[in-house]
Amino acid sequence: MTEPTITQLEAMPGDWQRALAVVAHPDDLEYGCSAAIAAWTDEGREVAYVLATRGEAGIDTLAPTECGALREREQRASAAVVGVSEVEFLDHRDGVVEYGIPLRRDIAAAIRRYRPELVITLNHRDTWGGVAWNTPDHVAVGRATLDAAADAGNRWIFPELIEQGLEPWNGVRWVAVAGSTRPTHAVDASAGLERAVRSLLEHRTYIEALTDEDPETYVRGFLTGYAQATGERFGGRPAVAFELLGR
Ligand SMILES: [Zn+2]
């Protein structure tokens, strides 16, 4: 018997300067993706985060008003660890984000403000592969981001954005989907992995509510395991995978 061939992931394109990551919740980027973001900001690239919600429904023992403010603080601290200072919240409601015109318009507006060449989002498919069901917020925000990358370039889809001074932006060249069940590309996580651990650890209140394990042991185990498993398809280097969709 021959060994099954493991398809190798390609290196992400490097000819871009600005990226915008659009996800549903605080911590969505930190569960896997932020080692790549650290590597990019090290190279002098600009990365901004836009979150559809403040993750206010994420902690059973904390009421949403209190929780939202706390998770916003944790997210800003977490972004700073990987060199990201722009963090914006769109104020959709955690847990019940709806795919639709208002969400597409809010994301298209953000894309016009930041004018990125690369847009990053999180898995928009029904599952994480196998039987692990994805959450409706991730599906809605991922799909709306893929659509808004095109909407941002069309002046006639959301004319109200033009009235707000947001001119069309046709410069999005790729949308990179993190956590995808069909990854195509990867970024070397060697240099960014330690900061990725610290970045996820900034979501301390959330993580302490999530697990009885020591937070650092849990976070390091999760991110190292993910980067090593991905690295098996990237020449053995620890890596972060993306499904890269061109435009
Ligand atoms: Zn999430």
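**View 1. The lining of the largest pocket, sorted by class.** By class, 16 nonpolar, 10 polar and six charged residues make up the lining of the largest pocket. Here Ala, Val, Leu, Ile, Met, Phe, Trp, Tyr, Cys and Pro count as nonpolar, Asp, Glu, Lys and Arg as charged, and the others, Gly among them, as polar. This is a predicted model, in which local features need pLDDT of at least 70 and side-chain atom pairs count only at pLDDT 80 or more, while totals for chains, interfaces and linings use all residues. Residues are numbered from 1 along each chain as its sequence is written, and side-chain values use heavy atoms, with hydrogens and water left out.

**View 2. Around the centre of the largest pocket.** Of the 32 lining residues, D28, Y31, L122, W128 and G179 lie nearest the centre. Two or more lining residues come from each of α4 (136-151), α8 (215-231) and β8 (239-246), and α8 gives the largest share, four residues. A pocket is an open set of points on a 1 Å grid over the protein atoms alone where a 1.4 Å probe fits, with protein on both sides within 12 Å along at least five of seven lines; lining residues have an atom within 4 Å of a point.

**View 3. Strand β3 and its neighbours.** Strand β3 (residues 46-51) is largely enclosed by the rest of the structure, because five of its six residues are buried (under 20% relative accessible area, 1.4 Å probe, protein chains only). Six bridges join β3 to the parallel strand β2 (residues 18-23), with V22 partnering V50. Strands are DSSP E runs of at least two residues, and helices H or I runs of at least four, numbered from the N terminus; two strands pair if DSSP finds at least two bridges between them.

Notes: Buried means under 20% relative accessible area, exposed over 50%, partly exposed in between (1.4 Å probe, protein chains only).
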